[in-house]
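Subject: Structure handover

Dear colleague,

I am passing the structure on to you with this email.

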There are 2 protein chains.
Amino acid sequence: MSRTISISHYLPILRWGRDYDKVKLIDDSIAAVIVSIMLVPQALALALIAGLPPQAGLYASIVGLSIYALFGTSNTLSVGPVAVLSLMTAAALSKLGLSDSSQLLTAALTLAFLSGVFLLMLGLMRLGFMANFLSHPVISAFITASAIIIGLSQVQYLLGTTSSGQNIVELLSSLGDSMGEVNWITLVLGLGSIAMIIWCRTGLSSLLIKMGLGSRLVTSISRSGPVIVALLTGFLCYVFRLDQQGVQLLGVVPAGLPELTVPDFSLELIRNLFWSAILLSIIGFVESISVAQTLAAKRREQIELDQELIGLGAANIAVSLSGGFPVCGGFSRSVVNFDAGAATPAAGLITAALIAFFALLLMPLLYWLPKVALASIILVAVYPLLDFSAIGKSWNYSKTDFVSVSITLLLTLLVGVEVGIASGVLASILMHLYKTSQPHVAVIGRVTGTEHFRNVQRHDVETFDNILSIRIDESLYFANTRFLEELIFSLMAKKPKLEHVILMCTAVNAIDMSALQTLEKINQTLNELGIKLHLSEVKGPIMDKLLKTTLFENLSGSNYLSHNLAVEDLKD
Amino acid sequence: MSRTISISHYLPILRWGRDYDKVKLIDDSIAAVIVSIMLVPQALALALIAGLPPQAGLYASIVGLSIYALFGTSNTLSVGPVAVLSLMTAAALSKLGLSDSSQLLTAALTLAFLSGVFLLMLGLMRLGFMANFLSHPVISAFITASAIIIGLSQVQYLLGTTSSGQNIVELLSSLGDSMGEVNWITLVLGLGSIAMIIWCRTGLSSLLIKMGLGSRLVTSISRSGPVIVALLTGFLCYVFRLDQQGVQLLGVVPAGLPELTVPDFSLELIRNLFWSAILLSIIGFVESISVAQTLAAKRREQIELDQELIGLGAANIAVSLSGGFPVCGGFSRSVVNFDAGAATPAAGLITAALIAFFALLLMPLLYWLPKVALASIILVAVYPLLDFSAIGKSWNYSKTDFVSVSITLLLTLLVGVEVGIASGVLASILMHLYKTSQPHVAVIGRVTGTEHFRNVQRHDVETFDNILSIRIDESLYFANTRFLEELIFSLMAKKPKLEHVILMCTAVNAIDMSALQTLEKINQTLNELGIKLHLSEVKGPIMDKLLKTTLFENLSGSNYLSHNLAVEDLKD
């Protein structure tokens, strides 16, 4: 009995699969068609961003979608290659100094494998909370900077030149060097493609709505801009032999399904890819659950963080064994899947089957697809990722967040994705510690005629020469213990008649060991000077913990239930 | 005018020097005599721990004390080589693979220089708060583990054998290998020395008190155990030519004052020592200000953190230019200085002069000093550093602190000081984030007939089907935004008739950008489901910040001054 529960816990498909019916099948199938139309050209393009052969993108999509459908808890998350992970994969591979394309693919497999193992381990150890260490503005800045780098990396295809680089400095200088070789036919094809995709989403879409077509059909057609562009540009290249005019074609893409591949488990390679895999896993996980959580909440469904880690981990391991590269849940495709009415993870399975059908039968058509068409598709896809509002908002709302945002944005753009995101995480943690290390505190006095205590600097209140009342608006922990000590000793130095120090603890949500020891030390030092230390209004859960220590035995003063009781008791 | 203020700000000697008088001079001189008696043998031994020639310890003391006296703000802090920094210096130098002693000394100078520059920069940039990132239990565990390693590293001198290693595994196996070569005369000298030093502090000390001697004189004599031991064992070696019996002597120590030395500024060396210098600086700074702050508070004096950084930075740079190695404020010597009545930093200057006198005239005597005497002095000196109470206390009081303590202790002992302290800092920060990422929360209801709201699980309270009241006992920031989101959506799923969610914010001390965006997202998602989000009892400083945002414009619900007003307004 308990064994069955445990299996279905780790294999959610056993739960939703039991109630699967025809209505859900129809919903899932429609969503699958729409998503796969969108996904095929994107998957090809994303493989190129990662520096891998185009079919790798299809394999990663087929396998990623299928395996996630077995293990994942989101009904609508669409897993596959995504832009930011492709860029991070390219950055990780670029450090290895490989040029042989089969070696590059093997390294990408290893990266996906390491990332899968890491995600799986986090999931099994229930460490999903690690994703919380990424602050929203930092993620937003990172994604914006990544989109800029991805966009710049596609400009070479738009111009028909070549460039390379992992940051804007390298990319711009490399593009500058190749400006003499611009192929104007390529550029025209590219700009035309971009215009076409945008028009499908906007002009065509509103036209169709006016014509009274159903919303699902409209969504489906408006999302097929990339496919239309691929067909049209491919047709033009074939008819006018544009390759002879210098337009770069995708070339031969082997037809067939994913085959078994084996990552390279050499210690050397694992060591070189280790941190890349961890950064990439965290980014992939955060991107996946952000969208999964948002979509689930809209239908009052729930996802399980630790099981999501297992699902994404399994998907990445499977991808590494079948010629793919790192995958996660994509934002726009999941939203499309959701809007198109996907009811269960089966939508992902059907999408995978449709893409497999394409890979098996229609690959030869890709020969004539110009690379510039894929670049246009990517440029339109990453444009919505640009979001500079975090800069302005954080400047207005929180300077510490602004510092983290600026560091992430600048370092990602100027140095690269890995340094950028690692610095961003570090900066946001240090900024948080910095902020809480200097908490808001108030010397308080009593509002005359009441039992309320307020900041002496903001209100007209009564104070007593022999009492120092302090309210600290922060949990007491290692980062602010020294602040507390300094605060009390410096305030004390200004009150020659002082006999009692009372700490009001209404806003103290926790007291860690460092803070406990500091309170003991302050108590002892004050005691030697003939001053008593008191606490007031300590919260229940903290009180429970403090009672296990010797603090109250050694406290020179008392612990009062209310600050007013303390003052009444101690005033001259 | 403002220029004068600024100079005396950075040179505190200009402040206290103005009021210097004869009474203070006498106090300072007495303290200086007592401290220098204690310091000379320790300084020699600490140089040996760092793997450097013994005179380096004297030079570091002379220069460290003098320069700190000009820049420091503590009247009683005694700066010089200390055990933990000597050990960290040895660990840093061991990574370089040097064997030539002049190269080692040059590397030590470079380490001191880097550390000095780092401390000075932190001070000038007013970044003293960085020291706060070390939690008390982590420091305590680190010092305990360091003391064990130092103690073990001295056992070779006690046994007259040789051993080496940076952690207990290496030291124990190295000692085990050399057990055949134990020199019994050395061991007897060593155990005798240890007994002698302890007796001076305990037996002799109480004897002298009974004889009615003044307390300063008693302190001074009880602290002179190391000097007595040095004289006695040196005399025995000279008379009985114990060096011919295999007792290792200190040998020739050149007489003279510190001379100008130049650190090695090669990029290679700086890169190798960079992180060591930073870890060492932080440990040195934390040790210094902990004792300086404690001693200052006892006399109602104050120290300035940023000026302390400048003082310690200047001392380390000066030490690097005069043949020394990294220094900081020592715990026991500062306490002795304080107890002996030091009134101003001039005590440090006089101590430096006394040690210089010794270095100039009495060095030849050191030839006959056996190394085992120095090892005994160190063993007695580091014994009080052993403090295992943090393990038990943290186990009882806070499991997250226990994790950090265990990691620091084990990694320092088993791997080495640098890995140990770096892991400890990281662990305590991650544990803090972990703890605050899963804050205490309560679904609350109204205590019937009152306006008070309490946890529904702990109290018998009234709730309403259309209202979900939640109190979060933690600041809202990036590490717990996902928790908040999950919490609300999972609680919501259990209340089918839900119309209003009210967050009670009495214990929310801060809301960062991530949390703000999460609140906006929750508001939007709830709104789409026809549920309104409300806030109650938001604190003044947070309210000020939130009013600068669009949160309240977009909020589907309202912001209430009291939770009871909200419930009265919204209940069915």
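The notes below go from the whole of one chain to single elements and residues.

Please keep in mind that this is a predicted model.

Chain A overall

Chain A contains 24 helices and 8 strands. Its C-alpha trace spans about 100 × 65 × 60 Å along the principal axes. Of the 572 residues in chain A, 58% are buried. The accessible surface of chain A comes to about 22900 Å², and 64% of that is supplied by carbon and sulfur atoms. As for contacts in chain A between residues at least 6 apart in sequence, 80% of them join residues at least 24 apart.

A nonpolar patch on chain A

Part of the surface is a nonpolar patch made up of A:Leu257, A:Phe357, A:Leu360, A:Leu361, A:Leu362 and A:Leu365. Together these residues have about 570 Å² of accessible area. One of them, A:Leu362, sits in the loop between helix 15 (346–361) and helix 16 (371–382) of chain A. A:Leu362 has a relative accessibility of 33% and therefore counts as partly exposed. That value also meets the requirement for patch members, because a patch takes residues with over 30% relative accessible area.

Strands

In chain B, 6 strands form an open sheet with mixed pairing, in the order 4-3-5-6-7-8. Strand 4 and strand 8 (559–560) of chain B are the edge strands, each of them pairing on one side only. Strand 4 of chain B pairs with strand 3 of chain B in the antiparallel sense, over 3 bridges. Within this part of the sheet, B:Gly445 has B:Arg454, in strand 4 of chain B, as its bridge partner.

A:Ile502 stands opposite A:His534, a residue of strand 7 of chain A. Strand 7 (residues 532–536) of chain A is mostly covered, since 4 of its 5 residues are buried. As background to both chains, side chains in a regular strand alternate between the two faces of the sheet.

Salt bridges

How many salt bridges does a search of the whole structure find? Over all chains there are 23.

In chain A, A:Glu568 and A:Arg446 form a salt bridge in which the closest N and O atoms are 2.7 Å apart. A:Glu568 belongs to helix 24 (residues 563–570) of chain A and A:Arg446 to strand 3 (residues 441–446) of chain A, so this pair ties together parts that lie 122 residues apart in sequence. A:Glu568 is partly exposed, at 39% relative accessibility, while A:Arg446 is buried, at 6%. Both residues take part in a network of salt bridges that also links A:Glu462 and A:Lys571.

In chain B, the side chains of B:Arg446 and B:Glu462 meet in a salt bridge with an N to O distance of 3.0 Å. The pair links distant parts of the chain, 16 residues apart: B:Arg446 is in strand 3 (residues 441–446) of chain B, and B:Glu462 is in the loop between strand 4 (453–455) and strand 5 (467–472) of chain B. B:Arg446 has a relative accessible area of 6% and is therefore buried. B:Glu462, at 27% relative accessibility, counts as partly exposed.

A further salt bridge in chain B joins the side chains of B:Glu301 and B:Arg299, at 3.9 Å from N to O. Here B:Glu301 is partly exposed, with a relative accessible area of 26%, and B:Arg299 is partly exposed as well, with 28%.

A buried serine in chain B

B:Ser334 is part of helix 14 (residues 331–339) of chain B. Is B:Ser334 buried or exposed? With a relative accessible area of 0%, B:Ser334 is buried, because buried means under 20%. A polar atom of the B:Ser334 side chain lies 2.5 Å from the backbone oxygen of B:Gly330. If neighbours within four places in sequence are left aside, B:Ser334 is in contact with B:Thr76, B:Leu77, B:Ser78, B:Val291 and B:Leu295.

Kind regards

Definitions and conventions: Residues are numbered from 1 along each chain as its sequence is written. Chains are lettered from A and ligands numbered from 1 in the order in which they are written. This is a predicted model: local features need pLDDT of at least 70, side-chain atom pairs count only at pLDDT 80 or more; totals for chains, interfaces and linings use all residues. Side-chain values use heavy atoms; hydrogens and water are left out. Patches are made of residues with over 30% relative accessible area and no salt bridge: like charges are joined within 9 Å, nonpolar side chains (Val, Leu, Ile, Met, Phe, Trp, Tyr) within 5 Å. Accessible areas come from the Shrake-Rupley method with a 1.4 Å probe; for residues, only the protein chains shown count as cover. A salt bridge is a side-chain nitrogen of Lys or Arg within 4 Å of a carboxyl oxygen of Asp or Glu. Helices (H or I, at least four residues) and strands (E, at least two) are DSSP runs, numbered from the N terminus. Buried means under 20% relative accessible area, exposed over 50%, partly exposed in between (1.4 Å probe, protein chains only). A polar contact is a pair of N or O atoms within 3.5 Å; within protein, one must be able to donate a hydrogen and the other to accept it, and residues adjacent in sequence count only if both atoms are side-chain atoms. Contact means heavy atoms within 4.5 Å. Two strands pair if DSSP finds at least two bridges between them.
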